[in-house]
Amino acid sequence: MTKGQIEAQISEAIIKFEKEYLGRGPSETKTYIIKDMVLVRLKGVLTPAEEQLAKTAEGADLIKKTRVRLLEGARYLLENIISNITGCQVKSLHTDISTKIGERVIIFILDQDLENKFKD
């Protein structure tokens with residue numbers, strides 16, 4: 001498989017996860033394999049209710065805290081998705097969400113340089 005095919009497979013799996021676990025998928029997802037990292041960028045992740053809530057600082061903070069907790073609870077599932085697709089173990093997972101633009105990033109740190117596998 002090519003790097004692009006693996007990235008597309010990860011994007012599809014993360015979209016499926018978001019729909020099943022959070023009840024709603026992002027409007028756009030792009031995955032990038034960079035050395036020993038897998039960076040997943042999800043656009044349009046906020047629900048209409050969250051968009052209204054995000055208009056205040058307290059609401060934005062509440063959304064961030066809730067989304068981080070939800071993802072922490074699903075960390076094992078996400079790590080398995082990445083391990084199954086890449087064949088690498090996940091050493092750590094980092095995430096953040098922007099309530100201003102409705103984007104989330106998830107960064108997986110792997111136990112090896114995955115990008116290197118695609119070089120001739």
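User: Which residue in β2 is the bridge partner of Tyr 32?

Analyst: In general, two strands pair if DSSP finds at least two bridges between them. Here Leu 39 in β2 is the bridge partner of Tyr 32. The model is a predicted one, in which local features need pLDDT of at least 70 and side-chain atom pairs count only at pLDDT 80 or more, while totals for chains, interfaces and linings use all residues. Residues are numbered from 1 along each chain as its sequence is written, and side-chain values use heavy atoms, with hydrogens and water left out.

User: Over how many bridges do β1 and β2 pair?

Analyst: Strands (E, at least two residues) and helices (H or I, at least four) are DSSP runs, numbered from the N terminus. β1 pairs with β2, residues 37-43, over seven bridges in the antiparallel sense. Ile 34 faces Met 37 of β2 across this pairing. The two strands make a hairpin with two residues between them, and Lys 35 in the turn has a positive phi of about 50°.

User: What is the order of the strands in the sheet?

Analyst: The order is β1-β2-β4-β3, in an open sheet of four strands with antiparallel pairing. At the edges are β1 (28-34) and β3 (90-98), each pairing on one side only. From one strand to the next, the twist averages 15°; angles run from 0 to 180 degrees between N-to-C directions, and axes are lines fitted to C-alpha atoms, for helices over the stretch in contact.

User: Which residues mark the pairings of β4?

Analyst: With β2, β4 pairs in the antiparallel sense over seven bridges. Val 40 has Ile 106 of β4 as its bridge partner, and Met 37 stands opposite Ile 109. With β3, the antiparallel pairing of β4 extends over eight bridges, and Leu 93 stands opposite Phe 108. β3 and β4 also form a hairpin with four residues between them, where Gly 102 in the turn has a positive phi of about 70°.

User: Which strands does helix α3 touch?

Analyst: Contact means heavy atoms within 4.5 Å. Helix α3, residues 57-73, packs on the sheet and touches β3 and β4 (103-110), its direction making about 155° with that of β3. Helix α4 lies across β3 and β4 and runs at about 115° to β3.

User: How many residues of β4 are buried?

Analyst: Buried means under 20% relative accessible area, exposed over 50%, and partly exposed in between (1.4 Å probe, protein chains only). Six of the eight residues of β4 are buried, so that strand is mostly covered.

User: Is Glu 18 buried or exposed?

Analyst: Glu 18 counts as buried because its relative accessible area is 1%. This residue belongs to helix α1, residues 3-22. Leaving aside residues up to four places away in sequence, its contacts include Leu 42, Val 45, Arg 67 and Arg 104. By contrast, Leu 77 in helix α4 (residues 75-86) is partly exposed, because its relative accessible area is 45%.
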